[in-house]
Amino acid sequence: MSTHSRHTPVGQAHPRATDTAIENELARGLLAADETAFAAVYRRWGSLVHTMATRSLGDTHEAEDVTQQVFLGAWRGRNGYHPQRGPLGGWLVGITRRKIVDALAARTRRLDLVDAVAHHTAARQSRDGVPDDVLDRVLLVDALSRLPSGQREVLCLAFYEDLTQIQIAERTGMPLGTVKSHTRRGLLRLREGIEQGRAQDEDSARPTPDRAAARIG
């Protein structure tokens, strides 16, 4: 094979140079808030982002959520991208890694919540034979429904949509300090509500003199 056949023909751009030119063009479009360019950015890197998330999380649905969060974050934070600091693809990979960390942290929070509930639950059956974990879920839903709307909204977004406090602030428009305050106070009231519900359940299950007499009779 001749030496010339190993090189890019004269008049044709090298593939890497072409890729760089395309990436630079997409970066300019993103910074200019060009929705067409942003759609092209998603088509170009969406598969890579989803693959990274799937490998790290081991769950396709969570990976899809992370992928959406990555590109939503890229669009909203496009002014934070500076081409001189690195290519657009690398910037998106960086966002992906942060979102994966957020997703893993959210998973940990869910497990911690379950552990906290389980820690306060004795190995027993309620008087009606309802398993304690079912009772706790009922108490949790009831306690959530009794919270002020702001606290309830924040905790529901954290528990059921796995959003971080920063993401909740972005979603709701609340100041981050307010989100943190709602979270702290809401969790405290949830714990108090669940413990009160358990206490009431135990009191109602405890035999009274009248009940004892009825049993003897």
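## Nonpolar cores

The largest nonpolar core has 24 residues, and those touching the most other members are Val41, Trp45, Val66, Phe71, Leu88, Trp91 and Leu92. A nonpolar core here is a set of buried Ala, Val, Leu, Ile, Met, Phe, Trp, Tyr and Cys residues joined through side-chain atoms within 4.5 Å. Buried stands for under 20% relative accessible area, exposed for over 50%, and partly exposed for values in between, with a 1.4 Å probe and protein chains only. At least two residues of this core come from each of α1 (15-31), α2 (35-57), α3 (60-76) and α4 (88-119). The largest share, 8 residues, is that of α2. Helices are DSSP runs of H or I with at least four residues, numbered from the N terminus.

Phe71 is in contact with Phe38, Val41, Tyr42, Trp45, Gly46, Val49 and Leu92, leaving aside its neighbours within four places in sequence; contact means heavy atoms within 4.5 Å. A second, separate core holds 16 residues, including Leu155, Leu157, Phe159 and Ala169.

## Model and conventions

The model is predicted: local features need pLDDT of at least 70, side-chain atom pairs count only at pLDDT 80 or more, and totals for chains, interfaces and linings use all residues. Residues are numbered from 1 along each chain as its sequence is written, and side-chain values use heavy atoms, with hydrogens and water left out.

## Aromatic pairs

The structure holds 4 aromatic pairs. Rings of Phe, Tyr and Trp (its six-membered ring) pair if their centres lie within 6.5 Å; planes under 30 degrees apart count as stacked, over 60 as edge-to-face and the rest as tilted. Phe38 and Trp75 form a tilted pair, at 5.0 Å centre to centre with 50° between the planes. This pair links distant parts of the chain, since Phe38 is in helix α2 and Trp75 in helix α3, 37 residues apart. Phe38 is buried, at a relative accessible area of 18%.

Tyr42 and Phe71 form an edge-to-face pair, with 4.8 Å between centres and 70° between the planes. Because Tyr42 lies in helix α2 and Phe71 in helix α3, the pair ties together parts that are 29 residues apart in sequence. Tyr42 counts as partly exposed at 43% relative accessibility, whereas Phe71 counts as buried at 4%. Ring pairs link Phe38, Tyr42, Phe71 and Trp75 into a cluster.

## Largest pocket

The largest pocket contains about 700 Å³ of space. On a 1 Å grid over the protein atoms alone, a pocket is an open set of points where a 1.4 Å probe fits, with protein on both sides within 12 Å along at least five of seven lines; lining residues have an atom within 4 Å of a point. Grid points are joined across faces, edges and corners, and the volume is the space filled by probe spheres set on the points.

The lining consists of 28 residues, and Asp65, Gln69, Lys99, Leu163 and Gln167 lie nearest the centre of the pocket. Helices α3, α4 and α7 (165-172) each supply at least two lining residues, with the largest share, 10 residues, coming from α3. By class, the lining has 9 nonpolar, 7 polar and 12 charged residues. Ala, Val, Leu, Ile, Met, Phe, Trp, Tyr, Cys and Pro count as nonpolar, Asp, Glu, Lys and Arg as charged, and the others, Gly among them, as polar.

## Individual residues

Ala33 lies in the loop between α1 and α2 and is partly exposed, at 33% relative accessible area. Phi of Ala33 is near 60°, a positive value in a residue other than glycine. Most residues other than glycine have a negative phi.

Gly177 is found in helix α8 (residues 176-205) and is exposed, with a relative accessible area of 51%. Its C-alpha atom is separated by 9.3 Å from that of Gln165, 12 residues apart along the chain.
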